[in-house]
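The following questions and answers examine a single protein chain. Please consult the sequence and the model while reading.

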Amino acid sequence: MDMIELYTKQFKENVSIKDVVYQLVKDNLIDKREMRNRSIIRDYNELIKDSTITINEIMETLSYKYNLSTRMIQEIIYKK
């Protein structure tokens, strides 16, 4: 049985992307840090569209949300 069949059987028809990603992380098929970093970058891209918020505010917001230092957030965003 391949992975797609396994997950389809496990989740039946009520599956969301969040469920699948959670299971992939749980099964060590996706690195937790990589998923976190991608989420940070996605959130950054959404926040940067808002012209009323400054870069510093964005960094602080993400820092609080992900419980990381602003320096770590900057490293994640600017490395990608």
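Q: How do the residues of the lining of the largest pocket divide into nonpolar, polar and charged?
A: In this predicted model, the pocket is lined by Val21, Val25, Lys32, Met35, Arg36, Arg38, Ser39 and Arg42. A pocket is an open set of points on a 1 Å grid over the protein atoms alone, with protein on both sides within 12 Å along at least five of seven lines, and lining residues have an atom within 4 Å of a point. Ala, Val, Leu, Ile, Met, Phe, Trp, Tyr, Cys and Pro count as nonpolar, Asp, Glu, Lys and Arg as charged, and the others, Gly among them, as polar. The lining comprises 3 nonpolar, 1 polar and 4 charged residues.

Q: Which element gives the largest share of the lining of the largest pocket?
A: Two or more lining residues come from each of helix H2 (17-26) and H3; helices are DSSP runs (H or I, at least four residues) numbered from the N terminus. The largest share, 6 residues, comes from H3.

Q: Which residues of H2 are buried?
A: Buried means under 20% relative accessible area, with a 1.4 Å probe and protein chains only. Across the protein chain, 25% of the 80 residues are buried. In H2, they are Gln23, Leu24 and Val25.

Q: Which element gives the largest share of the largest nonpolar core?
A: This core has 11 residues, among them Ile40, Ile58, Leu62 and Ile76; a nonpolar core is a set of buried Ala, Val, Leu, Ile, Met, Phe, Trp, Tyr and Cys residues joined through side-chain atoms within 4.5 Å. Two or more residues each come from helix H3 (32-48), H4 and helix H5 (70-79). The largest share, 4 residues, is that of H4.

Q: Leaving aside neighbours within four places in sequence, which residues is isoleucine 76 in contact with?
A: Contact means heavy atoms within 4.5 Å. Isoleucine 76 belongs to the largest nonpolar core. Its partners, apart from neighbours within four places in sequence, are Arg36, Asn37, Ile40, Ile41 and Leu68.

Q: Where in the protein chain is confidence highest?
A: Residues are numbered from 1 along each chain as its sequence is written. Local features need pLDDT of at least 70 and side-chain atom pairs count only at pLDDT 80 or more, totals for chains, interfaces and linings use all residues, and side-chain values use heavy atoms, without hydrogens and water. The predictor's confidence in each residue, pLDDT, runs from 0 to 100, and the chain averages 84. Helix H1 (residues 3-11) has the lowest mean, 67, and the highest, 95, is in helix H4 (residues 55-66).

Notes. Buried means under 20% relative accessible area, exposed over 50%, partly exposed in between (1.4 Å probe, protein chains only). On a 1 Å grid over the protein atoms alone, a cavity is a set of points where a 1.4 Å probe fits but cannot get out, and a pocket is an open set with protein on both sides within 12 Å along at least five of seven lines; lining residues have an atom within 4 Å of a point.
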